[in-house]
Amino acid sequence: MTQRLLTHLRHVDLAVPDYEAQLDFYRGLWGLVPVAQDPGISFLAAEGSPEHYVVRLRRAEEKRLDLLSFGAATRADVDTLAERLLAQSVPLISRPDTLQTPGGGYGFRFFDIDGRTVEVSTQVEARRHRKIEEKESIPVRLSHVVVNSPDIAATRAWYERHLDFALSDAIGSPHTGDVMNFMRISSQHHSLGIAAGPHTSVHHVSFEMRGLDEFMRGTGRLLRAGAHMTWGPGRHLAGDNTFSYFLDPHGNTLEYTTEMETLDEDTWHPHQYTFMDDDVSDQWGTANPMTEVIAKEQHNDVDRGVFVAPPV
């Protein structure tokens, strides 16, 4: 089995102009819990997760992705990864040090090939969490994040080379090439997805529900509240997970999901799926058809906060 320095996805940090509307949506409707707050910034946890927080919201003039955060097991692993990235000419934002965010810990930040800020950390204080009960339609934890890249092959190769991500499955066609790569750092089918898009941006952020009933109850709760559902409910083939996609107040796509596939990494071989097969998008056949309108919504706005990193 592959020995990796990364363990899991910790949190996704977003910046938005209408901070109050975004905060009301995430804590009121989406089901996250504020755990710390300063003027213009909030840290939100998922009730069933030991992660100190899974989303950070920040007030800013322009909407952007502030960073993606991944966990590591030990300080030695964090140091090893930082030295490896330096040796590979990956631009570091900071060297490993004590973190000043809620939960503390030890970590550092760097830029990926598309200019996103990525953080790796360890020894973050575990949050006191609880078991999500039957019929409780709030997120258990952060599941995965999918990003848009104008060069999906280069972005995939960068995450494979520098961070030891492995390809679980791909979707595409002979005419388009790959349009989606599902990448893992554990036996979970994917923690990171890379979508072919016209620009660098967030495609969607996904949250795990307790089970199918809670997934459907959460989907219905948002629909009754008037939230804009773009696609779903349905069940993907790659990952075998369910999906209901909604837009937050700033047009970021969020997903409720559950039952993602767990792989045997020693025997798994990636599938090359095609969207020409209807089951690839939705095995159940219950979701509205994927259209150009939905795809454009998931392209999101151009992330103007990215740094133009050298191609390494």
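**Group meeting: a sheet and its helix**

Okay, starting with contacts: of those in the protein between residues at least 6 apart in sequence, 68% join residues at least 24 apart, where contact means heavy atoms within 4.5 Å. This is a predicted model, so to speak of local features we need pLDDT of at least 70, side-chain atom pairs count only at pLDDT 80 or more, and totals for chains, interfaces and linings use all residues. Residues are numbered from 1 along each chain as its sequence is written, and side-chain values use heavy atoms, with hydrogens and water left out.

Now the overall picture. The protein has six helices and 17 strands; those are DSSP runs numbered from the N terminus, helices being H or I with at least four residues and strands E with at least two. Buried residues are 57% of the 312, buried being under 20% relative accessible area with a 1.4 Å probe, protein chains only.

On to the sheet. It's open, nine strands, mixed pairing, in the order S14-S15-S16-S13-S9-S12-S11-S10-S17; two strands pair if DSSP finds at least two bridges between them. At the edges sit S14 (229-235) and S17 (271-274), each pairing on one side only. From one strand to the next, the twist averages 20 degrees. Angles here run from 0 to 180 degrees between N-to-C directions, with axes fitted to C-alpha atoms, for helices over the stretch in contact.

So what packs on this sheet? Helix H3 (residues 152-163) does, touching S9 (141-149), S10, S11 and S12 (192-196), and its direction makes about 20 degrees with that of S11.

Conventions: Buried means under 20% relative accessible area, exposed over 50%, partly exposed in between (1.4 Å probe, protein chains only).
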